[in-house]
Structure formats: C-alpha cells, structure tokens
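Visitor: Hi! I have a structure open and would like to walk through it with you. Could you take a look with me?

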Amino acid sequence: MKTILITGATGGIGQALATCYATKHTQLILTGRNEEKLAEITVLCEKKGAKVIANALDICNQTDFIQWISEIDKKYPIDLVIANAGINSTIASKNVEDNFEATKKVFDTNTYGVLATITPLIKRMKQQKQGQIAIISSLAAYRGLPQSAAYCASKAAIKVYGESLRAYLAVYNIKVNVVCPGFVKSAMSDSWSGPKPFMISATKAAKIIKKGLAKNKGRIAFPTVLSLPTWLATLLPNRLIDFILRKTNRNNDY
C-alpha cells in the first residue's frame, strides 16, 4: 500500500489530487485548514477505497506541523509527499499596498510551509534510498507580476529550492518534482482580479500532475499554451517585459 501525504487538501488542486489518488491500494494523509471540508473530502476518498488519516492544521504553525509529520512518518512511512498548501496575495486596489503581516503570511504558508512539510521526511527517505517529493509552485514563479509580488516571490523560492533538491537527492534514489500550474479554477483563482487565460479545472490539473509524477518529470508546467510563452518571456529583454507588465497593470480593473 502506497502512503501519500497531501497538504492544502481542502483547496481546489489539493482536493482534486486527494480524490485522484484515492484507491483501495492507497493510504492518504490529508491536511488543510478547513476542518469541515476536510471531513467531506475524507468521506469521498474513503468511498473510493482509500484509507485516510486527516488532520486540520495551520501550516503556519511550523513547530507543531513538523512534529505531526514526523510522528506520522514514523508510523506510516510516506512514499510520496505533495507540498501543495498555498495562499494568494493580490493587491486589490491601486490605493492599497501589501503590508508586512500580509506578506509574511504568504511566505509562512507558501515557502516555510513547504519546508516544514518536506524537511522532516528527507532524512528517513535518504536512509531508505526511496521516496518522492512534489512541490507545487506556479508559472508565476518565472516572472514577478505587478498585482501579486509576495505570491510570485514565495513560489519562485520553492521552485528553485525544488530544482536544487532534485539534483541533490537523485543519488539517494529520491525523486523531486516541481509543479508549475497556470490558472486553475479554485477559490484562490477566484480572488485574482486580473485576466485568467487558459484556465483549467482542478480535476484536469490533478490528472496532469499525477501523470507527470509517475514519469518523474523534473518540472511539470501546464498548460503548454501558457507555460511555453511564460518560459520564453524569461529570455526577452527586461525593458520589453517591464513595458508589457506596466501596460497590463494599467489596464487592470483591480
């Protein structure tokens, strides 16, 4: 039986991943902030035959979170961890700026929350020379967007972290995969005030991620129609990209 830990299981992608992986051959360890929704997802996964351990935790409380994961991993060694928990931060008005506390919460969740999820598992995985670590970053990690500086920066940090970790842990037979989705239909995407080109459903995103993880792709970026131009944009002169982003920023009604 394969044991899979998914954080942010009460979000759009997290819930879709949980139900996508739920089979009678799987034990799911699920966590998310919404206790009521977590209970509903647990029932859905159990109906599909999976064994489920669920715990509603705040990933920003990293001390308790690390202790919980460490204890779970001792009882049920985790084969695959999907560090998915994340929040967005959008400057909703040109007259409203990000403050320190709001920015800190984004990094506590999106960056330090990922570290708190992954680091307790690495030592044991190295000893056993097996395991898989999936980090949910974003296409927004490729280039900072004017409406969401904290989100872009936090996702860029874990993207680079995951890329480094993949090279470092390969000699221990540990797979590390960085997932960079574009717009996925969810409560998070609903809070984004700008355009949402080529948005896909959470169910479709989960299938793409599962397929990519099975193939051990180093970077799972999608949809291609958006990920390819996003990557190409990193090769263009900064002056041109700055001009495009400034124009986009002026045209947004946020």
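Visitor: Let's start with Asn216: what is its relative accessible area, and how does it count?
Guide: This is a predicted model, so read everything here as computed. Asn216 has a relative accessible area of 24%, so it counts as partly exposed, because buried would mean under 20% and exposed over 50%.

Visitor: Where is Asn216 found?
Guide: Asn216 sits in the loop between α8 and β7.

Visitor: And what is its phi like?
Guide: Phi of Asn216 is near 55°, a positive value in a residue other than glycine. Asn173 also has a positive phi, near 65°, and that residue is in the loop between α6 and β6 (175-181).

Visitor: Okay, back to α8. What about Gly212, buried or exposed?
Guide: Gly212, which lies in helix α8, is buried, with a relative accessible area of 3%.

Visitor: What does Gly212 touch?
Guide: Leaving aside neighbours within four places in sequence, Gly212 is in contact with Lys217 and Ile220. If you want a distance to check, the C-alpha atoms of Gly212 and Val178 are separated by 9.9 Å, and these two residues are 34 apart along the chain.

Visitor: Which angle do α1 and α8 cross at?
Guide: Helix α1 (residues 12-21) and helix α8 (residues 202-214) cross at roughly 60°, and their axes come within 8 Å. The two helices are therefore oblique to each other. The crossing of α1 past α8 is right-handed.

Visitor: Which residues make that contact?
Guide: On the α1 side you have Gly12, Ile13, Ala16, Leu17, Cys20 and Tyr21. On the α8 side there are Ala202, Thr203, Ala206, Lys207, Ile209, Lys210 and Leu213. By class, the contact of α1 with α8 has 9 nonpolar, 2 polar and 2 charged residues.

Visitor: Nice. How do α5 and α6 pack?
Guide: Helix α5 (residues 112-128) and helix α6 (residues 149-169) have their axes 13 Å apart, at an angle of about 0°. That makes α5 and α6 roughly parallel to each other, because angles under 35 degrees count that way.

Visitor: Which residues are in that contact?
Guide: From α5 come Val114, Leu115, Ile118, Thr119, Ile122 and Lys126. From α6 come Ile158, Tyr161, Leu165, Tyr168 and Leu169. The contact of α5 with α6 has 9 nonpolar, 1 polar and 1 charged residues.

Visitor: New topic, aromatics. How many aromatic pairs are there?
Guide: Searching the whole structure gives 2 aromatic pairs. In one of them, the rings of Phe65 and Trp68 have their centres 5.9 Å apart and their planes at 50°, so the pair is tilted.

Visitor: Where do Phe65 and Trp68 lie?
Guide: Both lie in helix α3 (residues 62-75), 3 residues apart, which is about one turn of the helix. Phe65 is buried, with a relative accessible area of 2%, and Trp68 counts as buried at 11% relative accessibility.

Visitor: What about Tyr168 and Tyr172?
Guide: Tyr168 and Tyr172 form an edge-to-face aromatic pair, with 6.1 Å centre to centre and 65° between the planes. Tyr168 counts as partly exposed at 43% relative accessibility, and Tyr172 is partly exposed too, with a relative accessible area of 22%.

Visitor: Where does Asp108 lie, and is it buried or exposed?
Guide: Asp108 lies in helix α4 (residues 100-110). At 14% relative accessibility, Asp108 counts as buried. Not counting residues up to four places away in sequence, Asp108 touches Cys60, Gln62 and Gly113.

Visitor: I'd like to check the backbone as well. Which peptide bond is cis?
Guide: Look at the bond from Phe222 to Pro223: that peptide bond is cis, with omega near -10°. Pro223 lies in the loop between β7 (219-222) and α9 (224-233).

Visitor: Last one, the whole chain. How many helices and strands are there?
Guide: The secondary structure comes to 10 helices and 7 strands. Buried residues make up 44% of the 254 residues in the chain.

Visitor: And what share of the contacts comes from residues 24 or more positions apart?
Guide: Among contacts in the chain with a separation of 6 or more, residues 24 or more positions apart account for 71%.

Key:
Residues are numbered from 1 along each chain as its sequence is written. This is a predicted model: local features need pLDDT of at least 70, side-chain atom pairs count only at pLDDT 80 or more; totals for chains, interfaces and linings use all residues. Side-chain values use heavy atoms; hydrogens and water are left out. Axes are lines fitted to C-alpha atoms, for helices over the stretch in contact, and angles run from 0 to 180 degrees between N-to-C directions. Helices (H or I, at least four residues) and strands (E, at least two) are DSSP runs, numbered from the N terminus. Angles under 35 degrees count as roughly parallel, over 145 as roughly antiparallel, 65 to 115 as roughly perpendicular and the rest as oblique. Contact means heavy atoms within 4.5 Å. Ala, Val, Leu, Ile, Met, Phe, Trp, Tyr, Cys and Pro count as nonpolar, Asp, Glu, Lys and Arg as charged, and the others, Gly among them, as polar. A crossing is left-handed if the near helix is turned anticlockwise from the far one by less than a right angle, and right-handed if clockwise. Buried means under 20% relative accessible area, exposed over 50%, partly exposed in between (1.4 Å probe, protein chains only). Rings of Phe, Tyr and Trp (its six-membered ring) pair if their centres lie within 6.5 Å; planes under 30 degrees apart count as stacked, over 60 as edge-to-face and the rest as tilted.
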